[in-house]
Amino acid sequence: NRSSDLDGRAEAKKGEKQKKEDELLEEKFKEYVAHEMSAEQQLYYREITGACLGSADARKINEALQSLSLDPGLNQLLPRFTEFVSEGIKLNIVQKKMSSLVALVKMVKALLSNKNLNLEKYVWSLQSVWFGFASWFFRFTSFFRRFCPS
């Protein structure tokens with residue numbers, strides 16, 4: 001009887017903990033999809049991400065990065081851009097696409113240089129990615145030094 005009471009309490013605590021975790025995840029997700037993008041925002045997002053990662057035209061890339069660093073109206077698109085960068089870095093680390101990683105880092109640098117943006121809310125989404133990127137980079141450079149000495 002007593003052990004069943006203890007088991008019941010333990011199950012209740014697990015249920016409460018899981019419910020709190022689910023609520024936190026739901027809250028973060030709601031922040032991410034808090035608004036629908038207008039057609040104009042969708043077009044802008046596609047053009048910027050396409051120019052930064054899919055273009056060989058240096059002029060288009062520079063224009064996109066300049067837009068990210070100067071446009072005062074990007075706050076609504078920050079969740080999208082941070083998710084894009086976060087997922088892009090994860091994917092390109094696995095695929096070892098250095099040029100794409102450099103392009104994504106340039107996007108972050110441009111966003112960070114934009115004085116009109118408040119990036120504090122979105123740093124958490126990039127933090128783990130940066131640690132993964134740094135870890136991969138240091139493994140790669142130590143491997144390179146070991147097997148490709150100058």
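In which kind of crossing does helix 2 pass helix 3? Please tell me about the surroundings of helix 2 as well.

Guide: Happy to! Bear in mind that this is a predicted model. Helix 2 passes helix 3 in a left-handed crossing. On the helix 2 side, the contact is made by Y44, I48, A51 and C52, and helix 3 contributes K60, I61, A64, L65, S67 and L68. Sorted by class, the residues of this contact are eight nonpolar, one polar and one charged.

Now for the geometry. Two packed helices are described by the angle between their axes and the distance between the axes. Here helix 2, residues 39–54, and helix 3, residues 58–70, pack at an angle of about 125°, and their axes are 8 Å apart. The two helices, helix 2 and helix 3, are therefore oblique to each other.

Helix 2 also has aromatic links to helix 4. The count of aromatic pairs comes to three. One of them joins Y45 and F81 in a tilted arrangement, 5.3 Å centre to centre with 40° between the planes. This pair links distant parts of the chain, with Y45 in helix 2 and F81 in helix 4 (residues 78–95), 36 residues apart. Both Y45 and F81 are buried.

Y45 forms an aromatic pair with F84 too, this one edge-to-face, at 6.1 Å centre to centre and 80° between the planes. Since Y45 lies in helix 2 and F84 in helix 4, the pair ties together parts that are 39 residues apart in sequence. As for Y45 itself, its relative accessible area is 18%, under the 20% cut-off, so Y45 counts as buried.

To join the two views, look again at Y44: this residue takes part in the contact with helix 3, and Y44, Y45, F81 and F84 form one aromatic cluster.

Conventions. Residues numbered from 1 in each chain as written. Predicted model: local features only at pLDDT ≥ 70, side-chain atom pairs only at ≥ 80, totals over all residues. Heavy atoms only, no water. Axes fitted to C-alpha atoms, helices over the stretch in contact; angles between N-to-C directions. Helix = DSSP H or I, 4+ residues; strand = E, 2+ residues; numbered from the N terminus. Parallel < 35°, antiparallel > 145°, perpendicular 65-115°, else oblique. Left-handed = near helix turned anticlockwise from the far one by under 90°. Contact = heavy atoms within 4.5 Å. Nonpolar A, V, L, I, M, F, W, Y, C, P; charged D, E, K, R; others polar. Phe/Tyr/Trp six-rings, centres within 6.5 Å; stacked < 30°, edge-to-face > 60°. Buried < 20%, exposed > 50% of the residue type's maximum accessible area, 1.4 Å probe, protein only.
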